[in-house]
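Reader: Hey, I've just opened this one and I'm new to it. Can you walk me through how some of it packs?

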Amino acid sequence: MLDLALAAAFLAAMVVERFSVAARIGDRMPAALALSVLIAGALAAHRRLPLAAYLVGSAALSAEALFIVPSPVSPYANLLGLYSLGLRGTRAQARLGPVIVLLGMVAYFSGPTHTYQMVPAAVLFVWLLAWALGYGWARRQEEQEAARRVLRNQVVADERVRIARELHDLVGHTLNVLLVQAGAARRLLDRDPEQIRGLLGTMEHTGRQALEELDRVLGLLRQEEPGLLPGLAQLASLTERMEQAGIRVTARVDPAVHQVPRPLNLSAYRIVQEALTNTVKHGRAARAEVSVHCDGDVLDVEIRDDGVGVAGGYVPGRGLRGIAERVREFGGSVEHGAGQCGGFRLHAVLPIPDTPAAVVP
């Protein structure tokens, strides 16, 4: 609608100007009005067809100067069309603008009413400046859109990695606990049916908890409120599951850790969860100790067990790499390996972001 209104305004101005010099135009008035309509029509279509509109407008303007009487109004409509070509045309189309400008001005200033021996430099400069403004602005918009696209892709990729890590920690932990419990039930199959009934009930409870937490993690895909995701406040439930898998866990948690920002709280929980999962899966440990406390402006997380430890030159698996990624997100550090008294030790230090509003309730 704006383009149509602009074209109508220019057409009205050109028609008024044409009739004001009707004596000079004479019997060429129908042709003059037709050219005015073409120029205005080209302006109306400059957004949808920038190159075609500018070609039609330039041809009509040149014909007006060569065969009728030049109008002082129509060149400004052509100037807007040139700016639109630089702004809205493709790169290839826009780059034709200076060529069309030069050819059009040669034709325009070759008309019988002009006495110039060459195209006036000032006029050419103004037209090329209009094209350059449109072309430069369009290229800047393209660069900004490309940067936004790269940023969006990076955000999507980071989100996928984060969700994959959450799913790995959740599913890996649950499956390992269930496998240990299933193995215990198999060994007791012929000896203690009552204890097997208790183990099966525990496995059912563990599975239900896992499904509930899986639904919360998948809520991230739907951009739901992640407030129901687990945190350090749920360590008691985690240690209970580990004890049902046959590992006695002692957890010492500083109450101040519950005030750390939500993302850090969740990551600390996942670090403990993954470390204990590795204890179940690889360590063959009977006991594990978990310590989580605030030390100044950092969160200190340490997990020890009394298992078989690790052989020299071991290569971290997916779980330890996931822990390292979580720690790296906060600019922290992590070390893992054999403990001083045997077993396995993992120690992570995570700086606490200065976002007191985003704490876990």
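Predicted model: local features only at pLDDT ≥ 70, side-chain atom pairs only at ≥ 80, totals over all residues.

Reader: At what angle do the axes of H1 and H5 cross?

Author: At roughly 155°, and the axes come within 9 Å. H5 covers residues 74-88. The cut-off for roughly antiparallel is over 145 degrees, so H1 and H5 count as roughly antiparallel to each other.

Reader: OK, and how does H1 pack with H3?

Author: H1 (residues 2-20) and H3 (residues 29-44) pack at about 160°, with axes 8 Å apart. That makes this pair roughly antiparallel too. The H1 and H3 crossing is right-handed.

Reader: Which residues make that contact?

Author: On the H1 side they include Leu6, Phe10 and Met14, along with Asp3 and Arg18. On the H3 side, Leu33, Ser36 and Val37 are among them. By class, the contact of H1 with H3 has 16 nonpolar, one polar and two charged residues.

Reader: Switching topic, how many helices and strands are there in the protein?

Author: There are 12 helices and five strands.

Reader: And how much of the protein is buried?

Author: Buried residues are 42% of the 361 in the protein. As for the surface, the protein exposes about 19500 Å², with carbon and sulfur atoms supplying 62% of that.

How values were computed
Residues numbered from 1 in each chain as written. Heavy atoms only, no water. Axes fitted to C-alpha atoms, helices over the stretch in contact; angles between N-to-C directions. Helix = DSSP H or I, 4+ residues; strand = E, 2+ residues; numbered from the N terminus. Parallel < 35°, antiparallel > 145°, perpendicular 65-115°, else oblique. Left-handed = near helix turned anticlockwise from the far one by under 90°. Contact = heavy atoms within 4.5 Å. Nonpolar A, V, L, I, M, F, W, Y, C, P; charged D, E, K, R; others polar. Buried < 20%, exposed > 50% of the residue type's maximum accessible area, 1.4 Å probe, protein only. Areas by Shrake-Rupley, 256 points an atom, 1.4 Å probe, with all protein chains shown as cover.
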